[in-house]
Amino acid sequence: SSVFDWSDPLMSKALLTEDELAIADTAERYCQEHLLPRVLQAYRDEHYDKKILQEMGELGLLGATIDGYGCAGVSTVAGGLITRAVERIDSGYRSGMSVQSSLVMGGIYEFGSQEQKEKYLPGMAKGTILGAFGLTEPNHGSDPGSMETTAKPHPSKKGYVSISGSKTWITNSPIADVLLVWAKLQETGKIRGFLVDRSQCPPGTLETPPIKNKNGLRASITGMIQLDECPVPEENMFPDIEGLRGPFSCLNSARYGIALGVMGALEDCIARAREYALERTQFKGNPLAKYQLVQKKLADASTDAAYGTLAAIQVGRLKDQGKATPEMVSMVKRQNCDKALQNARVLQEIFGGNAVSDEYGIGRHVANLFVTQTYEGQSDIHSLILGRAITGIQAFV
Ligand code: TGC
Ligand code: FAD
């Protein structure tokens, strides 16, 4: 007979294959043993240890859904279970991995030339070559189609383009070896993808200053990308893909990873709040967990986590069958990020004053989840993507 498991209320595990359960187990074990012990200090110091990506690489966790090039070739759902395990610790650690795996490796795998794939993917899978994804600019975030960064034929170097412009809020940029930069070709105005390899850039043409003093995602490193007539070999451009379909295709898989990922952060909030509510007593020695208002907070959060997990698994299955649309990804990205943030904020109340101490972890998740709701398409932008699909009318402009 079945028993209700508060940590997996709708038995999502029953939808997973043996392989997926094994991958989730490896990822959860690594995260609990190696990431959990360092996150509090990393968050305080606003420090990202880039060895983390190497450790993940050794376990086959990077670019895991890619076939070949030293990658594991697992299902989309298994990829999501990895992001969920990492985000159970911290959304910043998941960010560093998402950018490496989905946005840069995924982009190279889908749109790169054979030479580009062979040059970068095996090292990126090991975590010895680090990537960053530059789409957002200081003046163009939700509307990347208006970007100002341009690539034009280099005035003196044959076979090179010259890229100028700046990108901001770029995860991993200060530590990245290869930066996938989206820029408009001056001649056509069309957006193209360029692999800007730090080792090939002459001094002063590429700067990647960090953005310090963040009040969320502090365990992840964020920066700018400033390109000043940076010479980039033409062979570093993605050969065929043109327009916003390029960056948005990369985003489809990263947004999927976030949808399942944030369920990990929410589940951690639930576990921490449940434990606290069972231990802390107020009024005649009753644990907080005895009070109905507290129970409702836990019931709401746990319902949203269970629903969000099932929906994300469904979209992952459809993705592997070639039946998922970007709107489905928008739906689970928006809903899961919104619900994770709203519930985390409510669960935070259960900790009373202790919520203000970073040792309880809950405030860190709340601050991080604001960022997850904002990047890769702020939730209201996903509302508009869904609204357009429902009505046939675009309301962006
Ligand atoms: P729109 O007219 O809608 O589309 C332009 C072209 O792009 C195609 N397209 C897609 N293709 C594949 N997948 C998708 N999801 C796609 N969405 C659009 C579309 O078919 C069209 O192709 P074509 O060939 O006809 O030209 O473009 P728009 O300019 O009206 O876009 C509007 C909008 C709001 C949907 C879009 O700009 C948007 O999604 N904005 C949000 C920006 C965003 O998500 N930025 C993410 C930056 S990266 C990041 O945040 C990484 S954080 C990582 C971490 O740390 O974890
Ligand atoms: P804006 O576009 O200025 O939006 C501000 C607000 O206005 C939002 O609430 C938005 O929903 C709303 N809004 C905008 N347009 C409309 C409209 N038409 N109708 C209704 N509401 C609207 N980007 C990258 O390219 N690579 C990265 O690695 C990366 N990492 C990031 C890491 C962090 C820590 C952060 C904070 C951001 C990161 N980003 C990255 C950038 C992120 O994708 C953008 O912040 C996001 O897309 C929103 O853009 P914006 O900040 O310019 O906000």
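**Helices and ligand shells**

Me: Strand S3 (131-134), strand S5 (160-171), helix H9 (362-374) and H10 each supply at least two residues of the shell around ligand 2. What makes a stretch a helix or a strand here?

Reply: Helices (H or I, at least four residues) and strands (E, at least two) are DSSP runs, numbered from the N terminus. This is a predicted model, where local features need pLDDT of at least 70, side-chain atom pairs count only at pLDDT 80 or more, and totals for chains, interfaces and linings use all residues. Residues are numbered from 1 along each chain as its sequence is written, and chains are lettered from A and ligands numbered from 1 in the order in which they are written.

Me: OK, so how many residues surround ligand 2, and what puts a residue there?

Reply: There are 20 around ligand 2, with Leu-135, Thr-136, Gly-141, Ser-142 and Gln-378 the closest. A residue makes the list if its C-beta atom, placed from the backbone, lies within 6 Å of the molecule. S5 gives the most, with three residues.

Me: And which helices supply at least two residues around ligand 1?

Reply: Those are H4 (91-111), H6 (245-279) and H10 (379-391). H6 has the largest share, six residues, of the 26 that surround ligand 1. Ser-95, Gly-145, Thr-171, Phe-248 and Pro-326 are the closest to ligand 1.

Me: Why are H4 and H5 called roughly antiparallel?

Reply: H4 and H5 (residues 114-126) pack at an angle of about 155 degrees, on a scale from 0 to 180 degrees between N-to-C directions. Angles over 145 count as roughly antiparallel, so H4 and H5 get that label. Their axes, lines fitted to C-alpha atoms over the stretch in contact, are 9 Å apart.

Me: What about H4 and H6: what angle do their axes cross at?

Reply: Roughly 150 degrees, with the axes coming within 9 Å. That makes H4 roughly antiparallel to H6 as well.

Me: How do you know which residues of H4 and H5 meet?

Reply: Two residues are in contact if their C-beta atoms, placed from the backbone, lie within 7 Å. On the H4 side that picks out Gln-100, Val-104, Met-105, Ile-108 and Tyr-109. Gln-116, Lys-117, Tyr-120, Leu-121 and Met-124 are their partners in H5.

Me: Which residues of H4 meet H6, then?

Reply: Among them are Ser-91, Arg-94, Ser-98 and Ser-102 of H4, while the H6 side includes Gly-246, Ser-249, Cys-250 and Ser-253.

Key. Parallel < 35°, antiparallel > 145°, perpendicular 65-115°, else oblique.
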